[in-house]
Amino acid sequence: MSYTASTSRSIMLCADDYALHPLVDDAVQQLARAGRLSATSCMSTSPHWLQAAPALKPLRPLLSVGLHFNLTEGHGGQHAAQALGQVIRQAYSHQISAAQMRTAWREQLDAFEQAMGTPPDFIDGHQHVHQLPGLRTAMLKEMQSRYSAHERPWVRSTAPAAGLWRSPKAAIIALLGGWAATRQLRKAAIPMNKGFGGVYGFDAPDAATYGAQMAGWLPHMANGGLLMCHPASGIVKGDAIAQQRPVEFEYLMSDAFGALLERNHCRIHQGPVKNF
């Protein structure tokens with residue numbers, strides 16, 4: 001599908017962290033079947049990935065399935081990971097070699113493709129590490145060497161949609177590589193979403209409060225814009241945002257969300273995305 005100008009706006013809603021935990025996977029599958037989700041980005045580093053991946057196949061192509069490149073989630077010590085601050089410091093001080101970065105991309109793409117049997121529809125990063133200096137260049141080189149032009153995945157841009165840059169957290173994400181990566185990928189003719197939203201402090205105590213956040217994001221979203229979310233159908237023990245995931249899931253499944261989309265003349269896109 002290509003996005004074209006219309007009176008209604010078609011936006012992408014992407015649930016991050018597929019394969020992190022079965023409760024995350026269950027939420028993704030329910031939301032996709034309900035028509036409330038466009039995409040999910042998958043942790044091919046997870047020890048659950050091989051078991052979780054088959055459930056995604058019957059949901060395609062309505063559900064776009066991507067790689068959630070991960071350097072910061074250790075899956076209970078089963079994946080070599082570092083704290084986000086350490087990864088950022090190493091990226092900006094050029095302490096990660098180009099060979100190390102290419103190897104990380106290659107291994108995670110290999111794991112994705114071995115389970116799904118196809119390249120990812122898109123690529124993004126857990127805690128947005130895909131956009132950091134060096135890592136984004138390694139991603140681009142791996143994509144260019146691995147895929148022909150017509151099969152290259154699109155990439156998540158975290159450049160804030162319209163006025164959402166006024167959110168301090170969204171601005172920090174954009175400053176930490178979001179705007180720079182968007183410029184670099186645009187120059188390389190890599191497709192990207194048109195604006196990004198869904199950034200907040202993971203501090204909504206209930207579905208209504210999360211709905212108020214959504215009500216603040218939607219007016220800024222353009223046709224082809226992307227909102228991220230982090231739902232789960234229950235509490236994921238030990239997860240940093242364990243309390244927030246069920247709150248997001250409850251709201252995204254609700255009639256209130258459907259009504260909000262209608263009032264804002266928005267719809268959740270489902271299906272292949274070839275051009276933004």
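Student: Axes are lines fitted to C-alpha atoms, for helices over the stretch in contact, and angles run from 0 to 180 degrees between N-to-C directions. On that basis, at what angle do α7 and α8 cross?
Tutor: Roughly 70 degrees, with the axes of α7 (residues 207–217) and α8 (residues 244–252) coming within 8 Å. Helices (H or I, at least four residues) and strands (E, at least two) are DSSP runs, numbered from the N terminus. That angle makes α7 roughly perpendicular to α8. Under 35 degrees counts as roughly parallel, over 145 as roughly antiparallel, 65 to 115 as roughly perpendicular, and the rest as oblique.

Student: Which residues make that contact?
Tutor: From α7, Ala207, Tyr210, Gly211 and Met214. From α8, Val247, Glu248, Glu250, Tyr251 and Leu252. Contact means heavy atoms within 4.5 Å.

Student: And how do they divide into nonpolar, polar and charged?
Tutor: Six are nonpolar, one is polar and two are charged. Ala, Val, Leu, Ile, Met, Phe, Trp, Tyr, Cys and Pro count as nonpolar, Asp, Glu, Lys and Arg as charged, and the others, Gly among them, as polar.

Student: What is the average pLDDT?
Tutor: The protein averages 95, and 97% of the residues score at least 70. pLDDT is the predictor's confidence in each residue, from 0 to 100.

Student: Where does pLDDT stay under 50?
Tutor: Over residues 1–6. The model has 19 contacts beyond four places in sequence for that stretch. Where pLDDT is low, the predicted coordinates should not be read in detail.

Student: Back to α8. How many of its residues are buried?
Tutor: Seven of nine, so α8 is mostly covered. Buried means under 20% relative accessible area, exposed over 50%, and partly exposed in between (1.4 Å probe, protein chains only). The buried ones are Gln244, Arg245, Val247, Glu248, Phe249, Tyr251 and Leu252.

Student: What do they pack against?
Tutor: Against β1 (9–18), α1 (22–33), α7, β7 (226–229) and α9 (255–263).

Student: What angle do α1 and α8 make?
Tutor: About 10 degrees, with their axes 11 Å apart. That makes α1 roughly parallel to α8. Val24, Ala27, Gln30 and Leu31 in α1 meet Arg245, Phe249 and Leu252 in α8. Of these contact residues, five are nonpolar, one is polar and one is charged.

Student: New topic. How many residues are in the largest nonpolar core?
Tutor: It has 66. A nonpolar core is a set of buried Ala, Val, Leu, Ile, Met, Phe, Trp, Tyr and Cys residues joined through side-chain atoms within 4.5 Å. Trp49, Leu56, Tyr210, Met214 and Leu252 have the most contacts inside the largest core. Helix α4 (residues 98–116) gives the most to this core, with seven residues. A second, separate core of 13 residues includes Cys14, Trp154, Ile173 and Met228.

Student: What does leucine 56 touch?
Tutor: Beyond four places in sequence, Leu56 contacts Tyr18, Thr40, Cys42, Trp49, Leu63, Val65 and Met116.

Student: What is phi at histidine 128?
Tutor: Near 65 degrees, a positive value in a residue other than glycine. Histidine 128 is in the loop between β4 (122–125) and α5 (135–146).

Student: Is histidine 128 buried or exposed?
Tutor: Histidine 128 counts as buried, at 11% relative accessibility.

Student: And what about alanine 162, buried or exposed?
Tutor: Alanine 162 is exposed, with a relative accessible area of 53%. Its phi is near 40 degrees, also positive in a residue other than glycine. Alanine 162 lies in the loop between β5 (154–155) and α6 (168–187).

Student: How many residues separate alanine 162 from phenylalanine 196?
Tutor: They are 34 residues apart along the chain, and their C-alpha atoms are separated by 8.8 Å. Phenylalanine 196 is in strand β6 (residues 196–197). Phenylalanine 196 is buried, with a relative accessible area of 2%. Its contacts beyond four places in sequence include His128, Arg156, Leu164 and Met228.

Notes
Residues numbered from 1 in each chain as written. Predicted model: local features only at pLDDT ≥ 70, side-chain atom pairs only at ≥ 80, totals over all residues. Heavy atoms only, no water.
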